[in-house]
Amino acid sequence: MKKFLLLCLSVLFSAGFFAQTPQSLLSAGIAQDSLGKFDKAMSNFDKAIKLKPDFAEAYNARGMCRLKRADAEQSKSQSNVWKNDEHRNAMKDITHAIELKPDYAMAYYNRSILKGDLEDQRGEIQDLNKAIELNPSNYLAFNRRGLVRGQKGDHTGEISDYSKAIELKPNYGEAYHNRAHAKFIMGNKEGACQDFSKAGEYDYYKSYDDIKDMCK
């Protein structure tokens with residue numbers, strides 16, 4: 001149903017049923033981005049920025065759209081140079097969004113994704129810390145910071161972050177799954193298996209494979 005509504009919204013915007021204000025163009029771009037129509041989305045973000053050059057939300061959305069377009073299946077025919085350029089331009093867009101709006105929590109979170117792709121763990125953690133400082137209810141940022149902490153070997157901090165993400169969103173299957181792996185590494189097999197089971201209950205079905213392998 002959500003995808004159908006987004007499709008209808010995208011068609012209405014494309015047909016000119018709504019005035020082309022910066023906000024309406026941003027909304028149209030977000031709808032098209034959600035449907036995987038990245039080129040059309042980019043066009044709308046470009047128009048929104050042309051009309052409002054200080055539109056931080058449009059820069060942030062365009063940056064994430066560049067990232068998704070570069071990583072999409074359809075881009076496999078593109079050269080690695082093109083993909084790298086898209087990632088660099090995504091970084092520029094999201095960084096500019098932060099320059100325009102220094103308290104833009106979601107832009108910090110989005111930039112952390114790009115820094116993670118570049119294996120800049122220090123920068124990734126810094127952006128996640130800022131995203132959480134600005135929006136302490138961002139369960140996505142806690143989950144992502146947990147992953148980075150785990151990569152750095154800080155499994156105690158990792159578990160703490162996953163637990164906070166679960167506290168904020170009790171049905172967050174991915175966080176249960178991630179916490180299960182961290183608990184297993186820490187030698188808490190019983191707790192890990194309980195979390196794998198909970199993750200499966202919340203539709204994170206790959207946890208059932210881990211139960212078979214790790215909870216015998």
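Biologist: Of the 41 residues in the largest nonpolar core, which ones touch the most other members?

Modeller: Before we look, please keep in mind that this is a predicted model, in which local features need pLDDT of at least 70 and side-chain atom pairs count only at pLDDT 80 or more, while totals for chains, interfaces and linings use all residues. Residues are numbered from 1 along each chain as its sequence is written, and side-chain values use heavy atoms, with hydrogens and water left out. In soluble globular proteins, nonpolar side chains tend to be buried together. A nonpolar core is a set of buried Ala, Val, Leu, Ile, Met, Phe, Trp, Tyr and Cys residues joined through side-chain atoms within 4.5 Å. In the largest core here, the residues that touch the most other members are Leu26, Phe45, Ala58, Cys65, Tyr109, Leu114 and Ala141, and H4 gives the most to this core, with seven residues.

Biologist: With which residues is Leu26 in contact, leaving aside its neighbours within four places in sequence?

Modeller: Contact means heavy atoms within 4.5 Å. With those neighbours left aside, Leu26 is in contact with Phe45, Ala48, Phe55, Glu57, Ala58 and Ala61; two of these partners, Phe45 and Ala58, are also named among the core members that touch the most others. For the whole protein, 47% of the contacts between residues at least 6 apart in sequence join residues at least 24 apart.

Biologist: Is Ala131 buried or exposed?

Modeller: Buried means under 20% relative accessible area, exposed over 50%, and partly exposed in between (1.4 Å probe, protein chains only). Ala131, which is found in helix H7, counts as buried because its relative accessibility is 0%. Beyond its neighbours within four places in sequence, Ala131 is in contact with Ala105, Tyr108, Tyr109 and Ala141. Ala131 and Tyr104 are 27 residues apart in sequence, yet their C-alpha atoms are 7.9 Å apart in space. Of the 216 residues of the protein, 45% count as buried.

Biologist: What about a lysine: is Lys183 buried or exposed?

Modeller: Lys183 lies in helix H10 (residues 173-185), and it counts as buried because its relative accessibility is 16%. Not counting residues up to four places away in sequence, Lys183 touches Ile159, Asn188, Gly191, Ala192 and Asp195.

Biologist: Turning to the backbone, what is the phi of Glu119?

Modeller: Most residues other than glycine have a negative phi, and most peptide bonds are trans. The phi of Glu119 is near 60 degrees, which is a positive value in a residue other than glycine. The place of Glu119 is in the loop between H6 and helix H7 (121-134), and Glu119 counts as exposed because its relative accessibility is 71%.

Biologist: And what is the phi of Asp203, and where does Asp203 lie?

Modeller: Asp203 has a positive phi of about 75 degrees, although it is not a glycine. Asp203 lies in the loop between helix H11 (189-201) and helix H12 (206-214), and it is exposed, with a relative accessible area of 53%.

Definitions and conventions: Helices (H or I, at least four residues) and strands (E, at least two) are DSSP runs, numbered from the N terminus.
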